Amino acid sequence: MTEQPDIIVRLPAILVDLFPGAQRRVEMQAESVAEMVDGLERLWPGMRDRLCDSRPAIRRHINVFVDGERVKLNHRLSAGDEVFVLTAISGG
Amino acid sequence: MADKVLILVGTKKGAFILESDGARRDWKLSGPFCQTWPINHFVARPETGTLYAGGGDAWFGPAVWKSTDLGKTWTHSSNGLAYPEGQEPISSVWSVAAHNGSVYAGVQPAGLFRSDDDGETWTHVEGLQKHPTRPHWNPGGAGLILHSLVIDPADDDKIWVGISAAGVFHTADGGETWEPRNRGTRADFLPEGENYPEFGQCVHNVVMAAGANGRLYQQNHCGMYRTDDGGVKWESIEQGLPSSFGFPAAAHPTDRDTLFLLPLNGDTKGRYMPDAKAAVWRTRDAGRTWQDLRQGLPQENAYFGVLRQAMATDRMEKAGIYFGTSGGALFASSDEGETWREIEAHMPAILSVETLTVHD
């Protein structure tokens, strides 16, 4: 069985503020963005609902970037990937 | 005399609390709470003082926030607050009601959820979505929202909901089965001769009269109504009012014949104060006659609206009444509407107003 790739997740402050003890920079192992969300949910229960809707999909105004590309839940991750979770420009 | 009165204000940008002693002269504002999320409805459980704020954030989706220390600290949850995979996701919580051991949440798209662990986890009350009329529900201007949530204080199993624009629905078995309760309410927006359908009315707000016993009041897109049999039959009470259009309704805390409404000038005329002069209208006889209450309210250039959940009474002996405007002003009366004062002028757009009266 191959080991899951080590990745780094960067979370926005406005998300981290919703979960006491959560951190902006997280090191974890995940083969896909969906697995990364699973990992965040294990660390801070409830975080999945803030990032994903029940379709399931990344929320419309949440952007996940890897290597400058906007990706979806099924995106495969590689060792050393840095995943940026960002809030889109929104509101008024 | 009560120790204090709290006004719970849900706004487009967070929840706020105004607090005063029983005299209700000096108000102290705190907030914004809930990380400035849009909060459609902010309520309290009177027995414990626990606060619940329902809303939905453009980034992070729907949740119900909770505070057990009158707003000092907050948690939030949407655990279970979801439709099955593949269905249109819930965008926002629109109404919250705490009753006995349960908390209920009405959401968009229209549905009802219940929590039996004080808002930690939620369960879908599926019976409402299973109603045979469900495929034919059409959204109102604010979307397909379950905005009014009334639970019979004498019987937990009896619930009325208002859905824009599907109408009023009632369950007598705790949510397993539902039936439309719209007879006598108009749908002026339908073709001539089809104006009294079984469902599809654009209900704006439903409130229960003091003492319940089957009496409800309704502000509709098309008229104001009273029922004395739990909504089996509604009677128009709009005669004597300046228009048939408005959003909020607020029942008196102890007198079942007293109701406060805030008619706007009309659905196609800008939806602000009639003649740009602000007034709350009060009936003391269950809607047979009406009196306009405007002392202290702006009587020129009042081009504001008041949304469906943005007016409420308190539970003091001489009832206080409060309303918030779409422009962010909050008005208060501590004498049942006879005289008014603006107690906040520059809040975000106000979406809901509720109160908590804390006795010693």
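I count two strands as paired if DSSP finds at least two bridges between them. The model I am reading is predicted.

**Entry 1: an open sheet in chain B**

I looked up how β16, β17, β18 and β19 of chain B are arranged. These four strands form an open sheet in the order β16-β17-β18-β19, with antiparallel pairing. Which strands stand at the edges? I find β16 (203–208) and β19 (235–236) of chain B there. Each has a single partner strand, so one side of each is left without a neighbour in the sheet.

Next I checked the pair β17 and β18. Strand β17 (residues 216–220) of chain B runs antiparallel to strand β18 (residues 223–227) of chain B, and five bridges join them.

**Entry 2: strand β22 of chain B**

I then followed strand β22 (residues 280–283) of chain B. B:V280 and B:R282 point one way, whereas B:W281 and B:T283 point the other way.

I looked for the partners of β22(B). Strand β21 (residues 259–263) of chain B pairs with β22(B) in the antiparallel sense over three bridges. β22(B) also pairs with strand β23 (residues 291–293) of chain B, again antiparallel and over three bridges.

**Entry 3: nonpolar cores**

I asked which residues have the most contacts inside the largest nonpolar core. They are B:L8, B:V9, B:A105, B:M311 and B:Y322, in a core of 107 residues. Leaving aside neighbours within four places in sequence, B:M311 is in contact with B:P248, B:A250, B:F260, B:L262, B:V306, B:Y322, B:F323 and B:V353. A second, separate core has 22 residues, including A:V37, A:L40, A:W44 and A:I58.

**Entry 4: B:V5**

I located B:V5 in strand β1 (residues 4–11) of chain B. Why does B:V5 count as buried? I find 24 C-beta neighbours inside 10 Å of B:V5, and the cut-off for buried is 20 or more. Beyond four places in sequence, the contacts of B:V5 include B:S20, B:G22, B:R24, B:D314 and B:T357. I also checked B:V5 against B:I145. They are 140 residues apart in sequence and 30 Å apart in space, C-alpha to C-alpha.

**Entry 5: chain A**

I counted three helices and seven strands in chain A. From the N terminus on, the elements run β-α-β-α-α-β-β-β-β-β. The radius of gyration of chain A is 13 Å, close to the 12 Å that the globule rule gives for 92 residues, so chain A is as compact as a globular protein of that length. Of its 92 residues, 26% count as buried.

I then turned to helix α2 (residues 33–43) of chain A, where A:V33, A:M36, A:V37 and A:L40 are buried. They cover an arc of only 100 degrees around the axis, which puts them on the same side of α2(A). What covers them? Among the elements I found are β1 (6–10), β2 (25–29), α3 (47–51) and β7 (82–87) of chain A.

**Entry 6: where the chains touch**

I ended at the contact, which takes 15 residues from chain A and 14 residues from chain B. The chain B side divides into six nonpolar, seven polar and one charged.

Note on methods:
Residues are numbered from 1 along each chain as its sequence is written. Chains are lettered from A and ligands numbered from 1 in the order in which they are written. This is a predicted model: local features need pLDDT of at least 70, side-chain atom pairs count only at pLDDT 80 or more; totals for chains, interfaces and linings use all residues. Helices (H or I, at least four residues) and strands (E, at least two) are DSSP runs, numbered from the N terminus. The radius of gyration is taken over C-alpha atoms; the globule rule is 2.2 Å times the number of residues to the power 0.38. A residue is buried if 20 or more other C-beta atoms lie within 10 Å of its own, exposed if 12 or fewer, and partly exposed in between; C-beta atoms are placed from the backbone. Two residues are in contact if their C-beta atoms, placed from the backbone, lie within 7 Å. Ala, Val, Leu, Ile, Met, Phe, Trp, Tyr, Cys and Pro count as nonpolar, Asp, Glu, Lys and Arg as charged, and the others, Gly among them, as polar. A nonpolar core is a set of buried Ala, Val, Leu, Ile, Met, Phe, Trp, Tyr and Cys residues joined through C-beta atoms within 7 Å. The arc is that of the directions from the helix axis to the C-beta atoms.
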